[in-house]
Amino acid sequence: MKKIHYREWGIDSPRYWGLLAVLAAIVAVGGFAVLYMEHEGHWVTGMTNQVVWGMPHVFAIFLIVAASGALNVASIASVFGQTMYKPLARLSGLLAITLLVGGLLVLVLDLGQPSRLIVAMTTYNFKSIFAWNIYLYVGFLGIVVVYLFTMMERKANGFTKGAGVVAFVWRLALTTGTGSIFGFLVARQAYDAAIMAPMFIIMSFAYGLALYLLVLMFTFNTDDRPLGDVLLRRMKNLLGVFVAAVFYFTLVYHLTNLYGTENHEFELFMLRDGGIYTAIFWVGWVLLGMLVPMGILFHPALGMQRGAIILAALFVVLGGLSAIYVIVIGGQAFPLSMFPAHTIIESGNFDGVNGMARSYSPSLPEFLLGLGGFALALLATFIAVRMMQFLPYSLADEVTDPHHAK
Amino acid sequence: MKRNFGLSLLLVLCLGLLGGLGMVHAGEGVKGSAKADKLDACVAPTAFMRRNHFELIKHQRHITVHEGIRKTDHSLAGCVDCHVRKDAQGSHVPVNTPGEFCAGCHQFTGTTLDCFTCHATKPTGN
Amino acid sequence: MSQPTDQPTNKHRREFLAGAAAVTATAIAPGVFLQSVADAAPRASAVTDDVRYGMLIDTTKCADGCNDCVSACDKENGIDLLSKPEGASEELWEMQRPRWIRTVKLKNNLTGRVTSLPMMCQHCEHPPCVDVCPTGASFRRADGIVMVDRHTCIGCRYCMMACPYNARSFIHENIQTTLTAVPRGKGCVESCTFCVQRRDNGGTTTACQDACTQGAIVFGDLKDPDSAVSQAMAKYPNVQIRADLKLNTGVRYTDV
């Protein structure tokens, strides 16, 4: 195995600063949106007493899920011993940190009382998965920093495997915790299912790898660094497999719900009668998020075209946002089933009169907050790869492929 | 050393308080109209209250919310009821208005008051 | 600084203190006795689980189109002091304003029979909202009242996701006026407290119960077999809403 060389991102200065300026502007606008929401109160958002989590949570949960998945690439190298992935490990750790920070920031800034973050970090009810998540998220950041240290400090390289195992197990716990936020809720038919936790784990694999691929290809492209076909083929195939796994879990989730009569109304809502939610489910989650990417990635010809791979990865990201939207918001829009065998004909609190879903329209401040978090994660990533040696100098076949003819 | 510092802090606080109370603008609380103005001391000695009133309030809020205890000297409602002043027309002036009781020290020391985001600033007789 | 022990003032002071203590004890004693019999004054000792507050709703008595309980609750708990923020849409405000109690009208899918009932926090024995609160702000008091400690609430709304009855409200706007007895502020979550301000000040009823002219709402101590609510529950068959969740709610309904 040849020694891997890492070098700072060499994109030319004007483009680099231009990129940072654009991302910083998005972050700033997001910051103003937060100040506005915090000062006025949540009445300026589309969130209500019936749909309490909205666009910011969709972005936040997507970023958090993708963050733990982004670490997979490093785990494949450290934990599962695939040496071909070893050069990719540093960027993987970095992305895990920046995406998680971006997601957490969005979540925290949407709180009704964000100034009480200290209370949240010192007062705990350990029956709540949310409380555990605070430890899991913050602990994850610390562990990945240590993991990165073992990779980047030559004298600590011997500890990389150990740190990698800890990080891998921790991220599984983290994503289980994130899925369980919904899985543990007995009240709503969309949640209250043990499958939520493993489904989130498998989603993290797909979304994390898709974002990783996009960042890798972008940084390499702009710096004219070679990314060989051998490695790319393995990664795009892996992405295809992860997306197929998400497809499997989605199928099992819905088939199980469809089997039990008590869930028929909910499934019909999701699959047929839910208006915007049905549209986003079929077009966003299923078609663009799973079927089209699988079609591209497993296609004999298309599968190795760089442009097609990028498109597939972008669709996976879009599909991920759609899936989280349907789960978080669609799950709240469907009325609570308080009176089985009855139809509610009037209600003082939007309880689902005649089965009508609760309405929610995302507002601009919410959207800007979510986008700002995404932009912050990217901003931090680009600054880090520019200033420190996260990116391998070359991923050409002769460097990565152990079987390459010398 | 510590005692000297404490005494000078107390002196500074007193001066600040007096300075704050000295200003009365039109439409704001009339000096001496609060129940507290007619009493010698608060529910505890003034020096103790100046240093520790927040501890009392913080401890009491937990007791009231979780244990339901309302019969207490340390309720925030009690503080408001006693320290609120009336304006020239006889109606209560919110106790956290600049120039009123709480602001007297809080503005000077630069500590944020979060209580009245939620709690009533005038006794509402309920 | 040591005090000489043979001064005449010490003896007088001691006598005075003993006398004062005796007088005070005599004055307080009847009050203490009364306190233990019936809470007729602000509560001076911690609540215990000797009492469990609950409510029986007789849906046959709930009048169609009536909202008296809702108006009474709004007035008692300061919700009627809130107004739509300037610039907010009416439609959105209706979905964002707090509601501690609401009326729901149901139709039986098979028989077409129509029922009206008020819906509020069910004060479960095993509340999902308490389980999920990350800071423990959402809690169940010893006497069965499920409420939010707004000092610790960070406004994450997870409890609102968890509530099977959609009973909780989040305060979406800056509050201008609050009642002394019912504080309320932007960014926290709240719900029906069984009129805890009355509970802790010696009251025996809730505002909704007082307002219901039909007698559909009966409130009281579930652990006291002689209370009106216990006797009503023993007499009329009643159910929990969403009984399958096994939350052992404090609020029960007849004829649903």
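This is a predicted model: local features need pLDDT of at least 70, side-chain atom pairs count only at pLDDT 80 or more; totals for chains, interfaces and linings use all residues.
In β2 of chain C, Lys105(C) is the bridge partner of Glu346(A). Strand β1 of chain A, residues 342-347, pairs with β2(C). The sense is antiparallel, and the pairing runs over five bridges.

Now step back to the sheet. Three strands make it up, in the order β1(A)-β2(C)-β3(C). The sheet is open, and its pairing is antiparallel. Which strands are at the edges? They are β1 of chain A and β3 of chain C, residues 114-120. Each of these edge strands pairs on one side only. On average, neighbouring strands of the sheet are turned by 35° against each other, direction ignored. A helix of chain C joins the picture here. Helix α2(C), residues 68-76, lies across β2 and β3 of chain C. This helix runs at about 160° to β2(C).

In total, 47 residues of chain C are in contact with 39 residues of chain A. On the chain C side, the elements that give two or more residues are α3 (90-96), β2 (101-108), α4 (128-132), α5 (158-162) and β6 (169-170). The largest share comes from β2(C), with seven residues. Sorted by class, this side of chain C has 25 nonpolar, 13 polar and nine charged residues.

Chain C also meets chain B. Here 16 residues of chain B are in contact with 22 residues of chain C. On the chain B side, helix α2(B), residues 46-67, gives the most, with four residues. By class, that side has six nonpolar, six polar and four charged residues.

What does chain C itself contain? Its secondary structure comes to eight helices and 10 strands. The chain has 256 residues, and 47% of them count as buried. Take the contacts in chain C between residues at least 6 apart in sequence: 63% of these join residues at least 24 apart.

Turn next to the helices of chain A. Two packed helices are described by the angle between their axes and the distance between the axes. Start with α4(A), residues 89-109, and α13(A), residues 364-387. Their axes come within 8 Å and cross at roughly 150°. Angles over 145 degrees count as roughly antiparallel, so α4(A) and α13(A) are roughly antiparallel to each other. The crossing is right-handed. On the α4(A) side, the residues that meet α13(A) include Leu95(A), Gly102(A), Gly103(A) and Val106(A). Among their counterparts in α13(A) are Gly370(A), Gly373(A), Phe374(A) and Ala377(A). This contact has 13 nonpolar, six polar and no charged residues.

A second pair in chain A is α7(A), residues 160-183, with α8(A), residues 196-222. The axes come within 7 Å and cross at roughly 130°. How are α7(A) and α8(A) therefore placed to each other? They are oblique. Again α7(A) passes α8(A) in a right-handed crossing. From α7(A), the contact includes Leu172(A), Thr175(A), Gly179(A) and Phe182(A). From α8(A), Met196(A), Phe200(A) and Ser204(A) are among the residues met.

Note on methods. Residues are numbered from 1 along each chain as its sequence is written. Chains are lettered from A and ligands numbered from 1 in the order in which they are written. Two residues are in contact if their C-beta atoms, placed from the backbone, lie within 7 Å. Ala, Val, Leu, Ile, Met, Phe, Trp, Tyr, Cys and Pro count as nonpolar, Asp, Glu, Lys and Arg as charged, and the others, Gly among them, as polar. Two strands pair if DSSP finds at least two bridges between them. Axes are lines fitted to C-alpha atoms, for helices over the stretch in contact, and angles run from 0 to 180 degrees between N-to-C directions. Angles under 35 degrees count as roughly parallel, over 145 as roughly antiparallel, 65 to 115 as roughly perpendicular and the rest as oblique. A crossing is left-handed if the near helix is turned anticlockwise from the far one by less than a right angle, and right-handed if clockwise. A residue is buried if 20 or more other C-beta atoms lie within 10 Å of its own, exposed if 12 or fewer, and partly exposed in between; C-beta atoms are placed from the backbone.
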